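Q: I have a model open and want to learn how to read its features. Can we go through them in turn?

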Amino acid sequence: MSQSITRRQTLAALTASVGASLSSNSLDAMPAPTAQPSFTLCLNMSTIRGHKLGFVKELEVASKAGFRSVEIWVETLQTYLKSGATTADARKILSDTGIKVENAIGFAPWIIDDEAARAKGVAQLKSEMEMLAEVGCKRVATPPIGAQSPGSPKIDLYKAAERYRTILEVGDKTGVVPQLELWGFSPNLSRLGEVMFVAIESGHPSARVLLDIYHLYKGGSGNVSLPLVGKPAIEVFHVNDYTADFTREKITDADRVFPGDGVAPIKETLKLIKRPDRPIVLSLEVFNKMYYAQEAQVVANTAMAKMKAMVAGV
């Protein structure tokens, strides 16, 4: 018995020794793990939209500035395709410029009460989703278009949730997920609580919300409740800044400025939404006429520099 135990102990010791040696050698051969970035820097083409460059030139300018992710506008892509180009041509341009389309900005009226008009809006969105899927875009913004004017009636949030689920199911078929967008100036979906209610009550696992520094301020939600949103709900987040010159009531889309040029609590907000498991796409969205008056490449280069400074230390 003692000899048997001794043999077992010896074998165990040898096995452990060899295993430790192999493990040590394997570890020595393995490269040190690198930290995953918390954010992906992205350019919303609104930032250079006023230059009227067109689909191809916008991508070239963004790429030259160092962006590898963009948000395109559906209308700009449609104009490009109407010129005789194909979605295969668009994919080649994206490949040549090293650009990934993270999201698209569209305005299909999917949420409105008018049943016939809403059906047309959903059909429009489906067609746009199919087009976006063909160029490799997997997301599309879905704001409360058609219900955003000052005189628009309030839409029942339970109905809004049903309608959001409808377009999420369209997304299941097309492979493009609608991102429920908060618009701070709108009578509908202007508050964080409203978009979260609609997303949750849709009862669909793909529900996602698209938030914005400016719109959170404009709508009065601020950033204090962002920790309640839940990390999976945010994949794309619009960044920008606003100055102390404008009150929440008076500020408009066109008054947004580059991150760091205003008083918005940007770094604090980014710390609240950052995820440990995957980077969030931070997309710079401004509509500033002062920037449109500058050369497009200068604007894009400045945008990249401002965004790098924005995420430093977050």
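Q: Which side chain does the side chain of His-238 join in a polar contact?
A: First, a caution: this is a predicted model. The partner is Glu-71, and the polar contact is 2.8 Å.

Q: Where does His-238 lie, and is His-238 buried or exposed?
A: His-238 lies in strand β7, residues 236-239. With a relative accessible area of 0%, His-238 is buried. Beyond its neighbours within four places in sequence, His-238 is in contact with residues including Asn-44, Ile-105, Glu-181, Asp-212 and Glu-285.

Q: Where is His-204, and which residues is His-204 in contact with?
A: His-204 sits in the loop between α7 (192-201) and β6 (208-212). Leaving aside neighbours within four places in sequence, its contacts are Arg-165, Leu-168, Glu-169 and Asp-172. Buried means under 20% relative accessible area. His-204 has 10% relative accessibility, so His-204 counts as buried.

Q: How do I read strand β4, and which way do its residues point?
A: Take β4 residue by residue. Arg-139 and Ala-141 point one way, Val-140 and Thr-142 the other way, and all are buried. Then look for a partner strand. β4 and β5 (residues 177-181) run parallel, joined by four bridges. Arg-139 stands opposite Val-177 in β5. Now trace the connection. From β4 the chain crosses through helix α6 (residues 157-174) to β5, a right-handed β-α-β crossover.

Q: Which residues of helix α2 are buried, and what covers them?
A: In α2 (residues 55-64), the buried residues are Phe-55, Glu-58, Leu-59, Val-61, Ala-62 and Ser-63. Their cover includes strands β1 (39-44) and β2 (69-73), along with α3 (74-82), α4 (87-97) and α11 (296-311). After α2 comes Gly-66, with a positive phi near 105°.

Q: How should I think about salt bridges, and how many are there?
A: Start with the general idea. Side chains of opposite charge can pair when their charged atoms come close. Here the cut-off is 4 Å between a side-chain nitrogen of Lys or Arg and a carboxyl oxygen of Asp or Glu. The count comes to 17 salt bridges.

Q: Where do Glu-130 and Lys-126 lie?
A: Begin with helix geometry. An α-helix has 3.6 residues a turn, so residues three or four places apart point the same way. Glu-130 and Lys-126 both lie in helix α5, four residues apart, about one turn of the helix. Their salt bridge has its closest N and O atoms 2.5 Å apart. Glu-130 is partly exposed at 36% relative accessibility. Lys-126 is partly exposed at 35%.

Q: What does the salt bridge between Asp-113 and Arg-163 tie together?
A: The two side chains meet at 2.8 Å, N to O. Asp-113 is in the loop between β3 (100-105) and α5 (115-134), and Arg-163 is in helix α6, so the pair ties together parts that are 50 residues apart in sequence. Asp-113 counts as partly exposed, at 39% relative accessibility. Arg-163 counts as buried, at 11%.

Q: Where do Glu-194 and Lys-154 lie?
A: Their side chains meet in a salt bridge of 3.1 Å, N to O. Glu-194 is in helix α7 and Lys-154 in the loop between β4 and α6, so this pair ties together parts that are 40 residues apart in sequence. Glu-194 is buried at 14% relative accessibility, whereas Lys-154 is exposed at 55%.

Q: Which residues do salt bridges with shared partners join into one network?
A: They are Lys-100, Glu-102, Arg-139, Arg-208, Glu-235 and Arg-278.

Notes: Residues numbered from 1 in each chain as written. Predicted model: local features only at pLDDT ≥ 70, side-chain atom pairs only at ≥ 80, totals over all residues. Heavy atoms only, no water. Buried < 20%, exposed > 50% of the residue type's maximum accessible area, 1.4 Å probe, protein only. Helix = DSSP H or I, 4+ residues; strand = E, 2+ residues; numbered from the N terminus. Pairing = 2+ DSSP bridges. Right-handed = clockwise from strand over helix to strand, strands pointing away. Contact = heavy atoms within 4.5 Å. Polar contact = N/O pair within 3.5 Å; in protein donor to acceptor, adjacent residues only side chain to side chain.
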